[in-house]
Structures are given as structure tokens and as C-alpha cells.
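User: I'm new to reading protein structures. Could you walk me through one, a feature at a time?

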Amino acid sequence: MIRLRTLIILTVLLTALHLLAIVLGLYKGRVWVDIPLHIIGGALLGLFWIWALGRPSARESFGSPSRLFVGLSIAGFALFGSFLWEVWEFLFSIFAPEPALFLKIYSFTVSDVLSDMFFGIVGGLAVVIFFNKRS
């Protein structure tokens with residue numbers, strides 16, 4: 001069972017990795033940390049969805065969901081969360097461009113947005129694969 005405290009710690013670690021990458025200048029040059037961070041973010045969203053499905057209220061609503069439902073809903077939640085992140089990045093870059101540039105929270109092109117969302121769903125699918133092999 002996944003605990004909320006664990007998810008919060010993982011979220012803080014993901015944020016710390018992003019900030020460390022900014023300080024070390026890893027978004028420039030050869031090392032490209034954007035893709036791994038989006039994969040980790042998608043995996044974290046998948047883990048959050050598993051946690052949410054394990055809540056008593058979800059068990060009352062869904063009963064004992066099939067593996068297909070769980071897998072598709074994890075991937076869908078990771079994709080939806082990635083989409084919301086990209087919308088937030090866009091709005092942040094519009095309404096607070098200087099902090100967005102400093103924090104490297106922006107997407108300049110549609111292809112960047114789509115690749116970020118793709119790697120978010122890859123992270124969600126990694127969680128699906130891991131939990132399917134485990135159960």
C-alpha cells in the first residue's frame with residue numbers, strides 16, 4: 001500500500017531535483033534532465049492514482065476494479081496530470097515570464113509540450129508495468 005506521506009516526500013524530491021538541475025545548469029548543454037523529470041513526474045502521478053484507488057471511498061465506488069481498468073486509469077491520470085502541468089507552465093510563462101524563465105518552467109513549442117506529455121505517460125505506463133508484474 002502506498003502512503004500519502006511517501007508521495008509527498010517523492011514530490012519534494014522531484015522538486016529538489018528540478019531546482020538542483022537549475023543551480024547546476026543541467027538544462028543547458030549536453031545533459032538534458034527534462035525528459036527524466038517528466039518520466040518521474042508521470043510515474044509519481046501513477047503512484048498517486050494507485051493511492052487514490054486504494055482509498056475506502058474509491059473502493060466503495062469502483063468495488064474491485066479489473067487490471068485493465070486500473071492500468072488504463074493510471075495511464076490516463078498520468079496523461080491528464082501531464083496536460084495540466086503543461087497548461088500551468090504556459091499560464092505561468094504568460095503571467096510571470098521572468099520567474100518562469102529563471103525556474104525553467106516553460107515550453108516554447110508545441111513539439112516540446114507534446115514530448116513532455118508523452119514522457120509523462122511513459123512514466124505512468126512504467127508504474128502500470130511494475131504493478132502488473134508485482135501482482
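User: Let's start with Glu86. Which helix does Glu86 lie in?

Analyst: Glu86 lies in helix H4, which covers residues 67-95. Keep in mind that this is a predicted model.

User: Is Glu86 buried or exposed?

Analyst: The idea is to look at relative accessible area, where under 20% counts as buried. Glu86 comes out at 5%, so this residue is buried.

User: What is Glu86 in contact with, leaving aside its neighbours within four places in sequence?

Analyst: Its contacts are His38, Ser107, Val113, Asp116 and Met117.

User: Which other residues of H4 are buried?

Analyst: Here's a general idea first. An α-helix has 3.6 residues a turn, so residues three or four places apart point the same way. In H4, the buried residues include Gly71, Ile74, Ala75, Ala78, Ser82, Glu86 and Glu89. The buried residues of H4 pack against H2, H5 (97-102) and H6.

User: Now for a pair of helices. How do H1 and H2 pack?

Analyst: Two packed helices are described by the angle between their axes and the distance between the axes. For H1 and H2 the angle is about 170 degrees, and the axes are 11 Å apart. Angles over 145 degrees count as roughly antiparallel, so H1 is roughly antiparallel to H2.

User: Which residues make that contact?

Analyst: On the H1 side you'll find Leu4, Leu7, Leu10, Thr11, Leu14, Leu17 and His18, while H2 brings Leu37, Ile40, Gly41, Leu44, Leu47, Phe48 and Trp51. Sorted by type, that's 11 nonpolar, 3 polar and no charged residues.

User: What about the largest nonpolar core: which residues touch the most other members?

Analyst: In soluble globular proteins, nonpolar side chains tend to be buried together. Here the largest nonpolar core has 15 residues, and Ile2, Leu7, Leu47, Ile50, Trp51, Ile74 and Val127 touch the most other members. H1, H2 and H6 each supply at least two of the core's residues, with the largest share, 7 residues, coming from H2. Take Ile50: beyond its neighbours within four places in sequence, this residue is in contact with Ile2, Ile74, Val127 and Phe131.

User: And the chain as a whole, how many helices and strands?

Analyst: There are 6 helices and 0 strands. Of the chain's 135 residues, 33% are buried.

Terms used
Residues are numbered from 1 along each chain as its sequence is written. This is a predicted model: local features need pLDDT of at least 70, side-chain atom pairs count only at pLDDT 80 or more; totals for chains, interfaces and linings use all residues. Side-chain values use heavy atoms; hydrogens and water are left out. A nonpolar core is a set of buried Ala, Val, Leu, Ile, Met, Phe, Trp, Tyr and Cys residues joined through side-chain atoms within 4.5 Å. Buried means under 20% relative accessible area, exposed over 50%, partly exposed in between (1.4 Å probe, protein chains only). Helices (H or I, at least four residues) and strands (E, at least two) are DSSP runs, numbered from the N terminus. Contact means heavy atoms within 4.5 Å. Axes are lines fitted to C-alpha atoms, for helices over the stretch in contact, and angles run from 0 to 180 degrees between N-to-C directions. Angles under 35 degrees count as roughly parallel, over 145 as roughly antiparallel, 65 to 115 as roughly perpendicular and the rest as oblique. Ala, Val, Leu, Ile, Met, Phe, Trp, Tyr, Cys and Pro count as nonpolar, Asp, Glu, Lys and Arg as charged, and the others, Gly among them, as polar.
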